[in-house]
Amino acid sequence: MPVNPDRFLASLHHLRSIGAAGVEKGVVRPAFSAADIEARKWLAGELETCGLQVHVDPVGSVFGLAEGESLLLGSHTDSQPEGGWLDGALGVMAALEIARARHEDGLAPVSVVSFQDEEGRFGVTTGSAIWSGALDLHVADDLTDRDGIRFADARALMTGKAESFVDPERFVGYIEMHIEQGPVMDGTGETVGVVTDIVGIRDMKITMVGQQNHAGTTPMALRRDAFQALSAFNTLLNDRLRNVVTPQTVWTIGHVSLHPNASSIVPGKVTFSMQWRDGDSGRLERMERIIRETADEITQTHGMELRFGAMLGLEPVAMDGALRAALEDSAEVQAPNNWRAMPSGALHDATNVAALMPSAMLFVPSINGISHAFEEDTAEEDLVAGLKVLAGAVARLV
């Protein structure tokens, strides 16, 4: 099946211009921002031009639906607060190009999707989690972002949404193309990676409440300092996880809110995100026990109160064998002896979609392994190679 690489790259660059920021190819297009809504409206128009019926579901995920049963391709078009031009966008623009090419050649159509809030402004892969049933819409509506904005209020900003969700039974499978977001293929020089499985993730907020006080007159021995508690927690946690984790296990304190966050006040409260990822569900559970026990011990030692937020997360997921085989066969044609089978350490919408239908993923390299940053990039020849591998897999399946 022929595709148009120049048109594909032009679409990627146009999408990047919506929310362009920073140096190089940075993008600021968080879920439900003005830029995100503009990008989704543009995508809807492009989907209509290749004969697809546009359906914007109740949470803002944009579908281009083929008539009857079809293969679903896509990813997401929202970005991190400071993101790059390819994370998610690549998968949607590759899907759009394949939909265009098949429409022009009179071939069986594919459907396209851009899921909303994959980047987790309000949770973990929010749009696809709700669609898959992993997250109840009523529960999601009460989720808040770091500024206290409710998901219900944010999704109300998008107009033209349908009252119903797309029936997943109309799709025979799902394939998501994505950048690797890691250094493996950039180091080996390989062109594409076929994903074997996606790691599981756990994410929750922890709050430690001590006593706000004067920074000049409160003796160190008498302080109930929230930041000192967080620092002690981080140090002790790293030590206690050492004999439980593998080299592929990761954990992150990524967002910290210190109150009152003033230079002359002993901070009385800290709320922070705690996220951990691994390919083994049992290990994720053991890590949770250690995290909770360590937080409890630290707060008792420092004379503080402890609160745990809701636990969010997804289980590790293996990719479908038949879809993987189609991607591998296509990879061997397009990049003979220059591709690899590999796990995904990053979370993707395919994790949720796999609960509904056979799912698979395709990676292209990330230069210097950088993602979730303005410097995120991939060589255009690798982008095109990935598009051709995806198109070849689709031709084998449809």
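**Figure 1. P260 sits in the loop between β12 (256–259) and β13 (265–266).** Welcome to this predicted model, in which local features need pLDDT of at least 70 and side-chain atom pairs count only at pLDDT 80 or more, while totals for chains, interfaces and linings use all residues. Residues are numbered from 1 along each chain as its sequence is written, and side-chain values use heavy atoms, with hydrogens and water left out. Helices (H or I, at least four residues) and strands (E, at least two) are DSSP runs, numbered from the N terminus. The peptide bond leading from H259 into P260 is cis, and its omega is near 5°. Most peptide bonds are trans, and most residues other than glycine have a negative phi.

**Figure 2. The whole chain has 12 helices and 19 strands.** Its radius of gyration, taken over C-alpha atoms, is 22 Å, close to the 21 Å that the globule rule (2.2 Å times the number of residues to the power 0.38) gives for 398 residues, so the chain is as compact as a globular protein of that length. Along the principal axes, the C-alpha atoms fill a box of roughly 75 × 45 × 40 Å. Of the 398 residues, 54% count as buried; buried means under 20% relative accessible area, exposed over 50%, and partly exposed in between (1.4 Å probe, protein chains only). Among contacts (heavy atoms within 4.5 Å) with a separation of 6 or more, 78% come from residues 24 or more positions apart.

**Figure 3. Helix α8 (residues 226–241) and helix α9 (residues 281–301) cross at roughly 140°.** Their axes come within 9 Å. Here, axes are lines fitted to C-alpha atoms, for helices over the stretch in contact, and angles run from 0 to 180 degrees between N-to-C directions. On the α8 side, the contact is made by A229, A232, F233, L236, L237, R240 and L241. On the α9 side, look for M287, I290, I291, T294, A295, E297 and I298.

Figure 4. Several residues of α12 are buried, including L383, V384, L387, V389 and L390.

**Figure 5. S330 lies in helix α10.** Is S330 buried or exposed? S330 counts as buried, at 1% relative accessibility. Leaving aside neighbours within four places in sequence, S330 is in contact with K388, V389, G392, A393 and R396.

**Figure 6. N337 and H372 are two loop residues, one between α10 (321–334) and β18 (339–344) and the other between β19 (359–364) and α12.** Neither is a glycine, yet phi is positive in both: near 60° for N337 and near 55° for H372. N337 counts as exposed, at 71% relative accessibility. H372 is partly exposed, with a relative accessible area of 38%.

**Figure 7. H138 is part of helix α5 (residues 137–141).** With a relative accessible area of 63%, H138 is exposed. Its C-alpha atom is separated by 9.9 Å from that of F151, 13 residues apart along the chain.
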